[in-house]
Amino acid sequence: MKRLVILGGGYGGLNILHGLLDDLPKDVHIVVVDRNPYHSLKTEFYTIAAGTESDRHARVDFPEHDQVEYVFDEIEKIDVENEKVLMKNFAYDIEYDYLVIGLGCEDNYHGIEGAREFTESVQSFSQARSAGYSINNLGAYGKVTIVGAGLSGIEVASEVRESRSDLNIRLLDRGETVLKAFDHKIQKYVEKWFHEHDVEVIHNANVEYVERDGVCNNGLCYMNDVTVWTAGVQPNYLVRELPFDKDIQNKVIVNDYYQVPSHQNVYVIGDCASAEHSPSAQLAGQQGEKVAEVILAFLKNRVPVPPGEVKLKGALGSLGKNDGFGNMLQKPMTGVLPRLAKSGVLWLSKRH
């Protein structure tokens, strides 16, 4: 039996699984390793943090198949020299013939003192739950600071505002405007939305350190009850420890087939793989589809066809439940339509 091990049941890992199951050779056994016994819809974690949706809203059951085994546990180490994965609690090490690494990302605290210890996060399901517990247990007029005004920070801030009209919400933005990766029209629209909904936005922020009850920025310390960190990500620490060539962001450099050049039975996708595009669920999902085609060719003793470039369809973001923004049909759009489109993408993800 050939053994394919997929580390991470996120968007990329799940798309690989779906891409293989309809035509999987009988001599192949797949092992999927994830810390959670379900596929997590990470793009919806902001709703868990804000308390506007239940856990069930952001998870999907894994597909069942006779040739697929699931291991729900934490990984201790990826041993690429001996071709096995060491687990924390599982009874034995998991050996592989082919390995896919799609472990996603974690917060990058940029060495800022107190950031790791005193902030909440939305990078994992358990962290989003913790953020939701902290925010929704606040008394009236509690103070919440979100550090980082990229897509995650914008969605957290707007969803918390929709959830709790009484809270004092502050957004610290390192740049001149929020959402620096988006069109100027979208930036202005989001800035206006925050002004109209009484969310304070502070630009040109430079967080110096974080304390249990406050954030110090440009020499001024803001007292608050909860701090949420959305100011950058980096590949999972297990990937950063691997003896592979990496780019300046510590992402693994892969070839045109998403293989590690020095270990061509190892594939890396999503937030862990070096790419021209910024990390996103859409990017990981498309890479997963392409890797499934490559692996299937090898499993059937065929020469794989180069998968070609990823073509992203744009990005969508929400401002609460009834407003949003995004690039649609290569045009910046704001309002109800992009919000409906995001809901539609979520529905399709759950159906898939």
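The second largest pocket is lined by 16 residues, and Y258, S274, A275, E276 and Q287 lie nearest its centre. A pocket here is an open set of points on a 1 Å grid over the protein atoms alone, where a 1.4 Å probe fits, with protein on both sides within 12 Å along at least five of seven lines; lining residues have an atom within 4 Å of a point. About 290 Å³ of space lies in this pocket, a volume being the space filled by probe spheres set on the points. Its lining has eight nonpolar, five polar and three charged residues; Ala, Val, Leu, Ile, Met, Phe, Trp, Tyr, Cys and Pro count as nonpolar, Asp, Glu, Lys and Arg as charged, and the others, Gly among them, as polar.

Before going on, please note that this is a predicted model, in which local features need pLDDT of at least 70 and side-chain atom pairs count only at pLDDT 80 or more, while totals for chains, interfaces and linings use all residues. Residues are numbered from 1 along each chain as its sequence is written, and side-chain values use heavy atoms, with hydrogens and water left out.

Let us turn to G270, in the loop between β20 (263–268) and α8 (281–299). Helices (H or I, at least four residues) and strands (E, at least two) are DSSP runs, numbered from the N terminus. G270 is buried, with a relative accessibility of 7%; buried means under 20% relative accessible area with a 1.4 Å probe, protein chains only. Leaving aside neighbours within four places in sequence, G270 is in contact (heavy atoms within 4.5 Å) with A284 and Q287.

Among the buried ones are Y11, G12 and G13. Y11 is also touched by S40, a residue of strand β3 (residues 39–40). S40 is itself buried at 14%, and its other contacts include F45, A58 and F125.

Finally, look at the open sheet of three strands, in the order β14-β15-β16 with antiparallel pairing. Two strands pair if DSSP finds at least two bridges between them. β14 (207–211) and β16 (220–223) each have a single partner strand, so one side of each is left without a neighbour in the sheet. β14 and β15 (residues 214–217) pair over four bridges, and Y209 stands opposite C216 in β15.

Definitions and conventions. Buried means under 20% relative accessible area, exposed over 50%, partly exposed in between (1.4 Å probe, protein chains only).
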